[in-house]
Amino acid sequence: MRPPSRQILTVEEAFGANGWHAELVEGRDVLRSVFSGHHTRIEMTVQAYPPMNALAVIGEMPLPLDDEHRPYVLELLARANKTLNLGGFEYDLDRDRLVFRITNLFDKERYDADIVSSMVHCAVAEMDRIAPYAMTVVRTPEDLLDDLDIKRLLQRDDFIPPVPGDEEDYI
């Protein structure tokens, strides 16, 4: 087995500095972790690509879909992607998984811990944000799917989890 790259070791350090548990995958420049969001549990895979100093942060959750619901979830993800500046949603058809992926290129072998942390926060927040919308689609009875307006669904703000620190604004 080859030793872990300097790049993935800096990611492991960033996780440790944040108090996040992660496991290094032996023989690969990959860390695995799990985060609990407001709405869902996010399985995280973080992979370093040392030759080009790139880092990919991938958040996933299982989302089995039948043939009737699949097009509506895919529309949901396409519409959600239109509003994103960083990262993007995907649906892994082979594994029935909802995925959010964000990638960054670094100029040094030692990745900036603040950027790594921001990427992880972004993946967790976006997965947690999209989960209730996706579950609304999945729970919609087949005979009502044609009445489901995905664009309007994404405008609902009652699904958005509270931002830590904003609670004091309402006191």
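Reader: What makes strand S5 (residues 88–92) and S6 a pair?

Author: Five bridges join S5 to S6, and the two run antiparallel; strands (DSSP runs of E, at least two residues, numbered from the N terminus) pair if DSSP finds at least two bridges between them, so five bridges meet the criterion. Asp92 stands opposite Arg97 in S6, and the two strands form a hairpin with four residues between them, where Asp96 in the turn has a positive phi of about 55 degrees. This is a predicted model, in which local features need pLDDT of at least 70 and side-chain atom pairs count only at pLDDT 80 or more, while totals for chains, interfaces and linings use all residues. Residues are numbered from 1 along each chain as its sequence is written, and side-chain values use heavy atoms, with hydrogens and water left out.

Reader: How do you know that strand S4 (residues 54–62) pairs with strand S6 (residues 97–105)?

Author: Nine bridges join S4 to S6, again against a requirement of at least two, so these antiparallel strands also count as a pair. Ala54 stands opposite Leu105 in S6.

Reader: Why does the span of helix H3 (residues 113–139) agree with expectation?

Author: A helix is a DSSP run of H or I with at least four residues, and its expected span is 1.5 Å times one less than its number of residues. The 27 residues of H3 should therefore span 39 Å, and its end C-alpha atoms are 39 Å apart, which agrees.

Reader: What is called a bend in H3, and where does it lie?

Author: The bend is the angle between axes fitted to the seven residues ending at a residue and the seven starting there; in H3 this is about 30 degrees at Ala131, and a proline, Pro132, follows within four residues.
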